[in-house]
Amino acid sequence: MGRQTTPHRIAMTPGARRALDAASRLFYERGIHAVGVDLIAAEAGVTKKTLYDRFGSKDQLVVEYLAARDEQWRAFLAERLEAAGPSADERILAVFDASREWAGEHSTRGCSMVNAHAEISDPRHPAFGVITGQKAWMLALFTDLAREAAAQDPAKLGRALMLLHEGALVTHGLNVFPDALTAAREQARALLP
């Protein structure tokens, strides 16, 4: 999977924030490779020079885009897990509920990390660690929740929950069938001890 490293992040000025907002929207809607810095600069109302002065490269913009999405997802999920209460079973199911809610609001084209990985498979790319780190974090979360639920084999249950979750995200993004995350939630419920 490649080594997990913490990516370099930059401080955001107002112009950098506009550039990142434009890049984030464009990368998600059109794909990372399909979007050039000229379009990002034009959409953000900044010059290419400002963009390069602030970010240094398109690759750094990709890092910032994915890292910001990851931070937003983690904060969103933390709120839903807190609201689910102390029951590990309910917290496991809350992950699927949160993903369904998030997908409806923020991910109509599927998981940004999965989409990015389809374009960035080189472990040397600075954003690769953000992508794989987010998925490793999700696996660790499912495994920890399985342990809290007193699963006989928390690692095995954690992997099964991860497979259900990720499969549902991909199915949602491809629009294979409606409400894949609810179907995955029900399958997850059947796996709980």
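Visitor: Are Trp 73 and Trp 102 buried or exposed?

Guide: Trp 73 is buried, and Trp 102 is buried as well. Buried stands for under 20% relative accessible area, exposed for over 50%, and partly exposed for what is in between, with a 1.4 Å probe and protein chains only. This is a predicted model, in which local features need pLDDT of at least 70 and side-chain atom pairs count only at pLDDT 80 or more, while totals for chains, interfaces and linings use all residues. Residues are numbered from 1 along each chain as its sequence is written, and side-chain values use heavy atoms, with hydrogens and water left out.

Visitor: Why is the pair of Trp 73 and Trp 102 called edge-to-face?

Guide: A pair of aromatic rings is described by the distance of the centres and the angle of the planes. Rings of Phe, Tyr and Trp (its six-membered ring) pair if their centres lie within 6.5 Å; planes under 30 degrees apart are stacked, over 60 edge-to-face, and the rest tilted. The ring centres of Trp 73 and Trp 102 are 5.7 Å apart and the planes stand at 70°, so the pair is edge-to-face. Trp 73 belongs to helix H4 and Trp 102 to helix H5, so the pair ties together parts that are 29 residues apart in sequence. Helices here are DSSP runs (H or I, at least four residues), numbered from the N terminus. Ring pairs link Trp 73, Phe 76 and Trp 102 into a cluster, and the whole structure has 5 aromatic pairs.

Visitor: What makes a space a cavity and not a pocket?

Guide: On a 1 Å grid over the protein atoms alone, a cavity is a set of points where a 1.4 Å probe fits but cannot get out; a pocket is an open set with protein on both sides within 12 Å along at least five of seven lines. Lining residues have an atom within 4 Å of a point. The structure holds 1 cavity of 30 Å³ or more, with about 170 Å³ of space in the largest cavity. A volume is the space filled by probe spheres set on the points, which are joined across faces, edges and corners.

Visitor: Which residues lie nearest the centre of the largest cavity?

Guide: They are Trp 73, Trp 102, Ser 107, Cys 111 and Gln 134, out of 15 lining residues. Helices H4 (58-84), H5 (88-106), H6 (112-119), H7 (128-148) and H8 (154-174) each give two or more residues to that lining.

Visitor: Why does Gln 134 count as buried?

Guide: Its relative accessible area is 5%, so Gln 134 is buried. Gln 134 lies in helix H7 and, leaving aside residues up to four places away in sequence, touches Asp 70, Trp 73, Arg 74 and Met 113. Contact requires heavy atoms within 4.5 Å.

Visitor: What is the volume of the largest pocket?

Guide: The largest pocket has a volume of about 270 Å³. Of its 17 lining residues, Asp 21, Ser 24, Ala 68, Arg 69 and Gln 72 lie nearest the centre. Helix H1 (14-30), H4 and H5 each give two or more residues to the lining.

Visitor: Why is Ala 150 called exposed, and why is Asp 179 called partly exposed?

Guide: Ala 150 has a relative accessible area of 60%, so the residue is exposed. At 36% relative accessibility, Asp 179 is partly exposed. Ala 150 is in the loop between H7 and H8 and has a positive phi of about 60° although it is not a glycine. Asp 179 is in the loop between H8 and H9, with phi near 55°, a positive value in a residue other than glycine.
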